[in-house]
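Reader: I am new to this structure. Please take me closely through one part of it, and show me how that part sits among its neighbours.

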Amino acid sequence: MSIGERLREERERLELSQTVLAELGGVTRISQGNYESGKRKPKADYWNALAEAGVDVQYVLTGMRSNKFEADLRDLAAVTKRVMALAEAVSPRPDPIRLGSLRDIAFQNHLTDTQITILLNLLRQAREADFWLDK
């Protein structure tokens, strides 16, 4: 697998469009497409910007995941367990789809258990107030 293919794979893993990743890297969408297709090679400042944005640059360049990525996966598993435990304390049958979204928010924003519990309570109150249209 080429660097361009791994770059596209990493962009897709992060669920980013070419336009968004290009903006994070300080380049145009056309340049981003050229990097992913292998037509052009990015400069060091592009890689630095992507690394600061959370892209596993080590993987893109070498094909080997960084320890940070593995640590993030362990952290995500821990956050998932925390969100599930807190949700079950608030509601006897929590909605797994909404919990997945909450888990992602909690992970990306490094929320504490207290903050997660507050969000869960707000979601429960909104549902009880018939706030959710897709109930």
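Author: A44, D45 and E52 are exposed on one side of helix α4. Exposed means over 50% relative accessible area, buried means under 20%, and partly exposed lies in between (1.4 Å probe, protein chains only). Helices (H or I, at least four residues) and strands (E, at least two) are DSSP runs, numbered from the N terminus. The model is predicted: local features need pLDDT of at least 70, side-chain atom pairs count only at pLDDT 80 or more, and totals for chains, interfaces and linings use all residues. Residues are numbered from 1 along each chain as its sequence is written, and side-chain values use heavy atoms, with hydrogens and water left out.

Now the other side. Helix α4 covers residues 44-52, and its buried residues are Y46, W47, A49 and L50. These four cover an arc of only 160° around the axis, which puts them on the same side of α4. The arc is that of the directions from the helix axis to the C-beta atoms. An α-helix has 3.6 residues a turn, so residues three or four places apart point the same way.

What do the buried residues of α4 pack against? They pack against four helices: α1 (3-13), α2 (18-25), α3 (29-37) and α5 (57-62). Contact means heavy atoms within 4.5 Å. Just after α4, G54 takes a positive phi of about 100°.

Start with α2. The axes of α2 and α4 come within 8 Å and cross at roughly 110°. Axes are lines fitted to C-alpha atoms, for helices over the stretch in contact, and angles run from 0 to 180 degrees between N-to-C directions. The two helices α2 and α4 are therefore roughly perpendicular to each other. Angles under 35 degrees count as roughly parallel, over 145 as roughly antiparallel, 65 to 115 as roughly perpendicular and the rest as oblique. At this meeting, α2 brings L21, L24 and G25, while α4 brings Y46, A49 and L50. By class, the contact of α2 with α4 has five nonpolar residues, one polar and no charged. Ala, Val, Leu, Ile, Met, Phe, Trp, Tyr, Cys and Pro count as nonpolar, Asp, Glu, Lys and Arg as charged, and the others, Gly among them, as polar.

Next, the rings. The structure holds two aromatic pairs. One of them joins Y35 and Y46, edge-to-face, at 4.9 Å centre to centre and 65° between the planes. This pair links distant parts of the chain: Y35 is in helix α3, Y46 is in helix α4, and they are eleven residues apart. The rings of Y46 and W47 have their centres 5.2 Å apart and their planes at 75°, so that pair is edge-to-face. Rings of Phe, Tyr and Trp (its six-membered ring) pair if their centres lie within 6.5 Å; planes under 30 degrees apart count as stacked, over 60 as edge-to-face and the rest as tilted. Y35, Y46 and W47 form one aromatic cluster. How buried are its members? Y35 has 13% relative accessibility, Y46 has 1% and W47 has 13%.

V27 is found in the loop between α2 and α3. At 22% relative accessibility, V27 counts as partly exposed. Leaving aside neighbours within four places in sequence, V27 is in contact with A22, Q32, Y35 and Y46. The C-alpha atoms of V27 and P42 are separated by 9.3 Å, with the two residues 15 apart along the chain.

Q18, T19, L21 and A22 in α2 meet R29, Q32, G33 and E36 in α3. By class, this contact has two nonpolar, four polar and two charged residues.

Then α1. R11 has its place in helix α1. R11 is buried, with a relative accessible area of 10%. Apart from neighbours within four places in sequence, R11 is in contact with L16, S17, Q18, L21 and E36.

Last, step back to the protein chain. It has eight helices and zero strands. Buried residues make up 28% of its 135 residues. Among contacts between residues at least 6 apart in sequence, 55% join residues at least 24 apart.
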